[in-house]
Structure formats: C-alpha cells, structure tokens
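Q: Please take me through how to read this structure, feature by feature.

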Amino acid sequence: MQFALLIFESPEAFAARNADETDPYLGAWRAYHKAIVEAGIFVGGNPLQPPETGTTVRLKEGKRHVQDGPFADTKEQLGGFTILELPSLDAALEWAARCPAASHGAVEVRPVSPEYLRRVTG
Amino acid sequence: MSESGEESAHREIERVARESYGRMVAYLCSHTRDVASAEDALSNALVSALSAWPRDGVPQNPEAWLLTAARHSLIDHVRHQQVAEASEPTLLLLRGEPREVPLSPEFPDERLKLLFVCTHPAVDPAIHTPLMLQTVLGLDAVRIAHAFLISPTTMGQRLVRAKVKIRDAGIQFEVPQERELPQRLDAVLEAIYAAFGIGWDDMAGVDQRGRDLTEEAEWLARVLLQLMPGEAEVLGLLALMLHCEARRAARRGPDGRYIPLSEQDTQQWSLPLIEEAERYLAEASKQGRPGRFQLEAAIQSVHAERARSGRTEWVAITMFYEQLLRLSPTLGTRTGYAAAAGEAVGPEAGLAVLDGIELEAVSNYQPYWAVRAHLLQRLGKAAEAADAFDRAIGLAEDPAVRQFLFQRRA
C-alpha cells in the first residue's frame, strides 16, 4: 500500500534551504532520505519550490481566475511530498514522526488512491 | 447550595474518578464480562453525581453511591437493548449478583482480574497496553492514541473491537491457574512496560514514544504489586522503571540537549528513587526466581552504582546481558549486549555481536545504528561510522537525539 507524506513546512524551514551544507535541517533530511531508501520503502517524491512561487488557477463560470501564490494562505505551507510503500497507516505514521518536518512543521499522511487513478487513466 | 459546596462536590467527583475508576470498572464488569457497558454505566453514574452531589451533598460512601447508580444504569441499558438475545446472558449474570452493593468502601478489588483480561492471549497483543490504560486508569482514547502514534479514530475502534471480543469470546474474569500464571503475568508486565516506553539504548538514543505515560505505567506497576505482593518479576519491573525514572532530570541539558547515560551528571540522579528501586530488587532476588525484568533492573542497578563509585562495571553488565539473552533474545537485548561488550571487551567485540543480527531486522531499528556508529567511530573507521550515523539520524524521532548524533558524527 502506498502512502503520501505531505510535508508542511514553516517559513523558517523554507528559508533554511538557502543555508550552507552544514545546516542541521538539511542534514536531517539527508539522513531521513537514506533511512527510507535503505528500508526499501521509498517510492518517489519531490520537494517543491517555496509557496510564493505558486500560482493558483480556478475556472469560475467559464472565466479563468489566476491568483498569485499558494491555494491556502497558512503559516505552514506544502513544501514537498514523499511516497512510501508500507503495510499500514501505523507504519506510515511511524515514518512520518521521524520526518524532520514533523518537528518543524507538520506531516500529513494520506493513502495514495490507485482505484481513482485507474478510473482516471481508464 | 453555596458555591464552595458545589466546588467541593466537583472535587470529590474528580478524586473518586481518579482514584477508584479502575476498581469500579473492574467490579462492575467482573460478573457481566462487558467492559464497555461497565464503563458507560460508570460514566452515567458520574454524570448523575455531577447534578446530585452539589444538591444533596457528597454521600458518605461516594464509591458505593456511584456503584449503585452504575448498576441501575447497567440494568436499564440491558432492558432497553433491542436485541434480547444478545442481552440475555448479561441479564442472567446481573440477576445472579447480590442485589445491593455492600455499603462499605471494601467492595472486592477485581482489578487484577481485569489486568489479566486485558492481556489475555485471545486479545490482540497490540491493544493490551491501550486497553489496560483505558479500563484500569480511565485514560481516554485520544490521549492513548497520541502516545501510541495512532490516529484517535483508529485507536477508538480498536478499543471497542477488543471489548466486544472480551464480551463475546467468553474470556473469564479470573486470575490464571498456577500452571499458566508465569506466562500470563508476563503479558501483564510487558503491557505495563510498553506504556513506560523507555528503550534500552541510553547509549545513544531513546524511543521517546509513550514518554508521557511513564507516570501511568508506574502507577499500574504499583497497583499490580499491591495485588501480588512479593511477586519477583513485578518487583523487578518496578525497580527497572524507578531506576530509569531516577535519571529523568539528567537526561537533558538546561538547553534541552540530549545527554547519553555515560555522560550524565550523577548528582542529578534521584537518590530516593534509586534507593527505592534497590529495595525492590533486593526483595525480588530473595525469592531466587530470576526473570527478564529483574535482570534488566540489575543492569540499571550497575549503572546507578556509578553515582557512588564514579565508574561503570561493564563486565558485570555484560554478564547480566548474557543471562538476559538466554531468557529474552530480543533485538533490544542483543543491541544492548553489543554496546556493553563494546565497553567491557572492546569495539571489535561489540561489532561482532551486531554483525550476528540479520540486517533485515534492523532496517527500522534506530538503536542498532546508533551503537554501530559509536563502535565504528571508536575503531577509527570514519566513512563506515558516518554511514551508520546517517541511518541512526534518519531513524530518530526526537530532534534532540538527532542533534546529538550530528555532533558525534562531525
């Protein structure tokens, strides 16, 4: 079963991306990445550029509405996602707790939906 | 009624709920075997008390009042149940009981039976500890879920399922026979220890989960000792927990930094707790029936000795680990043994123990990597050590432990 770990990060965590090689947050991410790869559960994932680079599109009554910035204006913003192959939600929560973002922001765990993917892809 | 009267009534309700919850639930369900209904009935009784006691005054025997109210609620509940079939056994059981709860605070203490029911082999082992915390101590599912890192909804469902199983599977409310007692008692001790949640690996990292339940676990162990006085392994478990608890203040620096056992300032250890632990351990060893928890407590006792002698007798610790390995060759024990052998004999010896563990078993186990990193570093194998440090850091949950390992790696 695949779970997405949705990584929500604080402005400080986003800012830390510009820090040098010795930054502990970066170091923690490297170690975490190594741990999930070595545990054989890493499926995929990517970090995202900071929220201000986002652009949100809606169609309302046939008209395009384009808005600068992310969809939701909250302190902690989606900073990336990781897909893990795990037997259960319990296991996914355990790995989410170890994610460096869990102690600096929040990590939402959601099962990937292969059923819906099948309906979409036909 | 004056406000202070109302306040004192509320205080009394809180006190009774805190101190006697488990005893009352155990008593109520010991005949019906229906834990969920007993809990519901007791919370109904507590709600009634909230309106009756401020009005009429606190009854002379609050527990008896609550039990009587709870029994009425139980009987009402059974009568109103739509499915007559399902409720029949409960009604029969209730009818077989004495009509009135004895009006003395000395109603029988059935908590020991409840502890054995919660850890019955027919109940999923993963739910033993949560079930115990809820039924004996009255903790709510949300708090338990946080400690166990499970979603509150899921925890609630699992607790309900376990209670249905207890009711429908016909699990007896009784203390097991002599023959099966050691094994069954082990499940009770195991469940209490899981609530305590302190790992074995003071060396480099601890599993922080369940940390906020340590006091509850200690309370459960004390209840168990009260119910089974002199039982060697119960004494051992309590000694073990008190030894760990004694070091709580020394485990963190003033800045929140993680401090491993070997670097802790022994001045900050609690001497009264250490002495209490030693008393229990001495009492246990008089029985001449060694067990897993006594051995684990003995290892902690050797560590505690450093407060007096200024040094750690690693050879003694290694010997206790060797005995422990024969009784309980868990991943935690083997890793602890490796760390001890690393100190007593040398890093090569410690690594040899670690190399004997299958790699598959440790891909998810943080202490193994922390100990491995430490031993490799002592051997001057920088690259391999850095690799092991990364694994330990990646598997750590506590940011302070992560920080500590980063500094060690550098």
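Q: Which residue of β5(A) is the bridge partner of Phe3(A)?
A: Helices (H or I, at least four residues) and strands (E, at least two) are DSSP runs, numbered from the N terminus. In this case, Leu84(A) in β5(A) is the bridge partner of Phe3(A). The model is predicted: local features need pLDDT of at least 70, side-chain atom pairs count only at pLDDT 80 or more, and totals for chains, interfaces and linings use all residues. Residues are numbered from 1 along each chain as its sequence is written, and chains are lettered from A and ligands numbered from 1 in the order in which they are written.

Q: How many bridges join β1 to β5 in chain A?
A: Two strands pair if DSSP finds at least two bridges between them. Strand β1 (residues 2-9) and strand β5 (residues 77-85) of chain A run antiparallel and are joined by eight bridges.

Q: In what order do the four strands of the open sheet in chain A stand?
A: The order is β2-β5-β1-β6, with antiparallel pairing. At the edges are β2 (42-47) and β6 (106-111) of chain A; each has a single partner strand, so one side of each has no neighbour in the sheet. On average, neighbouring strands of this sheet are turned by 20° against each other, direction ignored.

Q: Which strands of chain A does helix α3 lie across?
A: Axes are lines fitted to C-alpha atoms, for helices over the stretch in contact, and angles run from 0 to 180 degrees between N-to-C directions. Helix α3 (residues 89-98) of chain A lies across β1, β5 and β6 of chain A, and runs at about 155° to β6(A).

Q: Is Leu281(B) buried or exposed?
A: A residue is buried if 20 or more other C-beta atoms lie within 10 Å of its own, exposed if 12 or fewer, and partly exposed in between, with C-beta atoms placed from the backbone. Leu281(B), in helix α12 (residues 271-286) of chain B, is buried, with 23 other C-beta atoms within 10 Å. Two residues are in contact if their C-beta atoms, placed from the backbone, lie within 7 Å. Beyond its neighbours within four places in sequence, Leu281(B) has contacts including Leu235(B), Ala239(B) and Ala298(B).

Q: How many residues does each chain give to the contact?
A: Chain B gives 16 residues and chain A gives 18 residues. On the side of chain B that touches chain A, α19 (382-395) and α20 (399-409) of chain B each give two or more residues. The largest share, five residues, comes from α19(B).
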